[in-house]
Amino acid sequence: MLFNSDLIHEIYAKIPSKVLAARRVFGRPLTLTEKILYTHLIDENEDKTYVRGKDFAEFNPDRVAMQDATAQMALLQFSTAGKASSAIPVSVHCDHLIQARKNAASDLTEAKDENKEVYAFLESVCKKYGFDFWQPGAGIIHQVVLENYAFPGGLLIGTDSHTVNAGGLGMLAVGVGGADAVDAMVGLPWELKFPRIIGVKLRGSLSGFASPKDVILKLAGILKTSGGTDSVIEYFGDGAKTLSATGKGTICNMGAEVGATCSVFGFDAAMEKYLRATGRAEIADAAKKIVSCLRCDAEVEVEPEKYFDRVIDIDLSTLKPHYNGPFSPDRSFPITEMEKSLEEFESVPEVSAALIGSCTNSSYEDLSRAVFIIRDALAKGIKPKAPLYINPGSEAVRATAERDGILRSFTDFGAIIFANACGPCIGMWAREGAQKGEKNSIVHSFNRNFSGRADGNEQTHAFVSSPEMAVIASLSGSLLFNPETDFLINEAGERQKLSQPWGEELPIKGFVSNSDVVKVSEGDSSAEIAIEEGSNRLQKLEAFAPWNGRDILNARLLIKAKGKCTTDHISKAGEWLKYRGHLENISGNLLIGAVNAFNDKKNKVLFQPGNREMSVPEAAKAYKAAKIPSVVVGDENYGEGSSREHAAMEPRFLGVAAVIAKSFARIHETNLKKQGMLALCFEDKSDYDKILESDTLAILGLSNFKPGRKFTLLLHHADGTQEEVLLSQTYNESQWEWFKAGSALNALKDKCPTST
């Protein structure tokens with residue numbers, strides 16, 4: 001049984017007493033976040049109190065989920081740990097490597113051929129260790145997790161930043177790097193900085209053309225891309241109860257775009273209904289018996305300011321549809337203000353394409369509401385002005401939508417149905433003409449809209465919306481069209497107004513089974529892990545060298561990144577996804593998307609010996625070959641975006657000794673630490689400006705490490721002058737052991753002797 005009912009019943013049996021114990025520790029009512037965290041603390045820490053946003057705590061997650069791009073490196077690491085099985089359930093989902101080219105059938109066939117050795121590797125590891133293997137075409141990891149594995153009150157970690165989607169079913173679900181997942185899989189505690197808690201009170205109910213997506217699009221404008229860092233966003237209030245489980249999932253999903261550790265809603269009737277519709281009535285019944293443990297205490301809703309670090313109030317009844325973008329998901333504008341939105345980047349109002357899908361918006365309800373608008377438009381004689389593309393979220397969603405005539409209506413409209421996969425959301429879109437680099441605007445229901453992310457064209461201005469507004473953008477062909485006030489002209493020349501969307505929350509006839517797209521194994525220790533000799537897709541890992549016990553001296557600046565530097569900039573996706581299992585090959589994309597502060601160019605840096613201009617990967621390789629340590633300098637929220645640990649493993653592999661930034665995104669900072677890197681911050685952010693292109697750098701004080709103690713950055717300028725800069729760090733004792741050992745994996749091997 002996919003959802004491990006025995007495990008969930010065992011967890012539920014312990015929750016009430018653990019929640020009661022937590023109340024005694026705090027001496028007050030509890031938020032839902034506190035309840036879930038305290039019921040998952042390792043046993044010896046259950047009676048401790050933690051300072052939010054400061055203290056690290058250790059937890060026992062209930063399960064791990066991985067997608068095929070990140071699973072490769074995570075499973076390569078796990079396979080070196082010498083364990084016969086995982087300590088907790090694991091699922092692997094093949095959704096990232098399928099490129100959107102023509103249509104679902106053609107694209108899936110090509111993906112299976114192009115990625116056959118990667119799929120064979122992943123399946124072989126799943127067979128050996130007893131993991132659930134979701135085959136190519138099964139669906140997008142987070143939609144599949146919501147349908148099969150998520151449960152109220154649970155704790156899930158996943159090797160993808162949008163693992164947080166499962167908060168829609170009342171679960172704390174946290175995106176992590178592969179090394180974090182390996183910790184949990186080998187039976188070690190999983191470490192997390194105890195989060196602050198942001199309470200979002202929802203009042204009223206949605207109306208008109210507004211959707212659950214607009215809740216998070218508005219909140220992103222309030223919090224910005226780093227406002228949720230080291231925080232859990234907990235939604236409460238009467239308005240929360242009006243939203244479907246998948247609508248809640250959409251809202252939680254994009255919490256990653258404001259840097260939140262995760263987001264969560266309390267258990268309610270919508271979640272119960274979703275559990276029953278997806279074959280988990282047993283879990284719904286069990287959750288109802290402990291319902292008070294799966295919601296925040298009543299006192300918290302009455303006086304939220306006493307229990308949350310920040311409270312934000314959103315009235316759903318006044319919410320308007322949004323188009324967030326371009327280039328950043330927190331650039332938030334309601335449709336009534338789009339003229340202002342287009343000004344800053346001189347975005348064109350004409351829409352060249354509209355897309356529905358991604359883990360954020362590809363549920364049955366999403367497709368149902370989108371097709372309502374399409375059927376309304378077709379009935380009124382209105383034809384689209386821009387092409388529409390759709391990625392269903394799972395095979396269960398796709399097959400059910402096909403049975404119910406939804407897909408037929410989409411194709412009658414002229415839409416192209418891609419595979420059940422991430423596709424354009426992560427840059428896996430072979431868009432015809434994108435190579436021309438022409439400025440254009442697209443609308444999509446995805447979660448991120450960084451420059452060049454969808455189609456590789458940095459002149460594509462992407463705007464994030466709900467599926468409903470993506471359809472409307474396709475119909476109108478304009479970002480300035482407001483469906484609440486404006487009219488469209490049909491083929492007969494008549495003015496027509498679109499009807500307000502409506503859709504089925506869940507399929508009336510139930511979901512079509514998707515059991516044929518998953519392979520469940522008990523584990524076969526004799527199974528061989530499939531890695532072809534000489535493969536350019538997969539490469540066995542070699543341990544990173546331990547710290548030599550000395551300060552870093554005579555280092556050179558590799559790059560001083562200017563402005564937004566996300567994991568997309570540090571380790572591009574798209575065409576590079578095929579190398580996610582081959583560290584040496586994928587390191588060829590290191591920081592090629594980052595803007596060099598000294599020339600405002602991408603992938604052009606100074607290689608100091610010889611004063612030559614090189615690409616970033618070339619310079620890093622040259623420094624490594626010369627045994628010269630290099631340093632990367634970053635701006636605010638360095639490493640924003642996905643959980644991809646390749647963005648930390650690549651600089652480590654190429655000899656980068658430290659990354660120094662004004663501030664870090666949570667997952668990326670952890671990933672750097674896990675790989676034995678120094679992740680340090682300027683004590684005075686203005687000291688970023690003191691770093692010169694031709695500097696020689698030294699990082700002093702490493703041998704005198706203590707938590708919270710500052711290090712010194714000594715800058716030797718080319719004119720012979722020197723400056724000292726203070727660097728802060730957030731390492732605790734166990735994290736410093738990772739640095740000393742060369743990586744967390746090295747330290748893990750010392751803690752967990754090989755077992756058979």
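1. R203 counts as partly exposed at 35% relative accessibility, where partly exposed is the range between buried, under 20% relative accessible area, and exposed, over 50% (1.4 Å probe, protein chains only). The model is predicted, with local features needing pLDDT of at least 70 and side-chain atom pairs counting only at pLDDT 80 or more, while totals for chains, interfaces and linings use all residues. Residues are numbered from 1 along each chain as its sequence is written, and side-chain values use heavy atoms, with hydrogens and water left out.

2. The partner of R203 is D313, and the closest N and O atoms of this salt bridge are 2.8 Å apart; the term stands for a side-chain nitrogen of Lys or Arg within 4 Å of a carboxyl oxygen of Asp or Glu. Because D313 belongs to strand β11 (residues 310-315) and R203 to strand β8 (residues 196-203), the pair ties together parts that are 110 residues apart in sequence. Strands (E, at least two residues) and helices (H or I, at least four) are DSSP runs, numbered from the N terminus. D313 is partly exposed too, at 41% relative accessibility.

3. R644 and D568 also form a salt bridge, with their closest N and O atoms 3.2 Å apart. Since R644 lies in the loop between β23 (630-634) and α21 (646-653), and D568 in helix α18 (residues 567-570), this pair ties together parts that are 76 residues apart in sequence. R644 is buried, with a relative accessible area of 5%, and D568 counts as buried at 11%.

4. The structure holds 42 salt bridges, and R28, E34, R52 and D309 are linked in a network of them.
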